Amino acid sequence: MSEGVVVIGPSQRVIFCNAAFCRAVNIEIATWEGRPVVEVIPNADLLNFVEQVRTVNSPITSELVVGSVRTKSFAVTATPIRSNDATSGSVIVLHDISELRRLERARRDFAANVSHEFKTPLTSIQGFAETLLSGALEDAEHSRKFVEIIRVNAVRLGRLTDDLLKLAQIEAGKLELQRQPIAVSSVIQPCLEVTRLKADQKNLTLETDCRADLPLVNGDSLCLQQVLQNLLDNAVRYSPTGGRIIVSAFVKGSEIVISVSDNGVGIPKAEQERIFERFYRADAARARADGGTGLGLSIAKHLVEAHGGRIQVQSEVGIGSTFSVFLPCA
C-alpha cells in the first residue's frame, strides 16, 4: 500500500506497522513490533491523535506535517477498534498529500506574486505620470528623468508579460521546438559573448572548460541558449565583485552536462527545491532591484524538460552555486 498504516493494541503497543508508515515517520522497519507506541512514533502530533482516538472513542480526521527542512503533509485518519463494545485499540492511516499542498501553495503564491510584480511598476508609472501632468513637464531638469523612470518600468512590465506568455505556452505544451543535431559549443559561445560584457562591469573572471570533441545534442539552439543565458545572468547577479564564474561541458554516461558554477552568495538548502517555482526568489530584494522577473529558472526548467533533460542545483551559503543541465546525446 502507498498509505501508511499502523495498528495499536489495547495496551498502547504497536501490533502492526507497514513499510509506508515507517518511511512516513522515519522509523526503522524492524524495530516496531510489540513496542510501546510512544517509543515507536517520534512525532508528538501523531501521538496526540493516538490519545484522542482512545479518549473520544470515535474516528478522527486531521492533517499532519512531518519534517523540518523537507516537510511532508499527510491526511490522517484515526479509527478505534472495538471488541465486545469496548475499545481495544486503534488504526491510523496516513495518506500523502504533499503534492496537493505544494500545488495549492504554488497557486496562492502565483496569484499574490503576479499581482505584486505588476503593481510595483504600474504604481511608479502612474505616480510619475501624474507628477508630470501636475506641472513637472515644464521642469526641463527633472521631466526627462521622470520619463526615463516611466520607460524603465514599462520595459519591465513588457519583459514580465513576455515571460508569463512564454511560460504559459510551455506549460500548455504549445511550444514548438526546432530540433536538430547541434554542437554544444554553438550554444555556449554566444552566451559567453553576451555575459562577458556584464562580467567585466563587476570585474568577474569568466572561465570555460569545454572539450572540443563533445557529442551533438538534438535540440533547439535558441531555446538552449535561453536556458544557459539565464543561468549565466543569475551567476553574474549573485556573484560578488571580483568573483569567478566557470562554464563547463562534459559527457556523463549517455548525457551531456552543461554546468555554470559561481562563488556567490549561495542558496539555503531549505529553498533549493523551490527556486524553480514561478516568481520564487532566494534573494527577492536583490533580484527585483536587478530587474529580474522571478520566472527565468522556471522557464529554464520547462525548456530543459521539453528536450528530455533535467536541471539540478548544488549550493552552499557563502560558498557558491552550481547549476547543471543534463541533455541526452543525439
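**Briefing: sheet, helices and nonpolar cores**

In strand β9, the bridge partner of D209 is S248, helices (H or I, at least four residues) and strands (E, at least two) being DSSP runs numbered from the N terminus. The model is predicted, so that local features need pLDDT of at least 70 and side-chain atom pairs count only at pLDDT 80 or more, while totals for chains, interfaces and linings use all residues. Residues are numbered from 1 along each chain as its sequence is written, and side-chain values use heavy atoms, with hydrogens and water left out.

**The sheet and its helices**

- Five strands form an open sheet of mixed pairing in the order β7-β9-β10-β12-β11, where two strands pair if DSSP finds at least two bridges between them.
- The edge strands, each pairing on one side only, are β7 (205-210) and β11, and the twist from one strand to the next averages 15°.
- Strands β7 and β9 run parallel and are joined by six bridges.
- Helix α7 lies across β9, β10, β11 and β12 and runs at about 25° to β10; axes are lines fitted to C-alpha atoms, for helices over the stretch in contact, and angles run from 0 to 180 degrees between N-to-C directions.
- Helix α10 packs on the sheet, touching β11 and β12, and its direction makes about 25° with that of β12.

**Nonpolar cores**

- The largest nonpolar core has 46 residues, and those with the most contacts inside it are V184, I188, L228, I245, I258, V260 and F323; such a core is a set of buried Ala, Val, Leu, Ile, Met, Phe, Trp, Tyr and Cys residues joined through side-chain atoms within 4.5 Å.
- Helix α7 gives the most to this core, with eight residues.
- Leaving aside neighbours within four places in sequence, F323 is in contact (heavy atoms within 4.5 Å) with residues including L231, I258, V260 and L297.
- A second, separate core of 25 residues includes V14, I27, V76 and L94.

**Helix α5**

- At 1.5 Å a residue, the 32 residues of α5 (residues 140-171) should span 46 Å, and the end C-alpha atoms are 47 Å apart, which agrees; the expected span is 1.5 Å times one less than the number of residues.
- Among the buried residues of α5 are F146, R156 and D163, where buried means under 20% relative accessible area, exposed over 50%, and partly exposed in between (1.4 Å probe, protein chains only).

**The loop residue N43**

- N43 is in the loop between α2 (37-40) and α3 (44-56), and at 15% relative accessibility N43 counts as buried.
- Leaving aside neighbours within four places in sequence, N43 is in contact with L64, V65 and V66.
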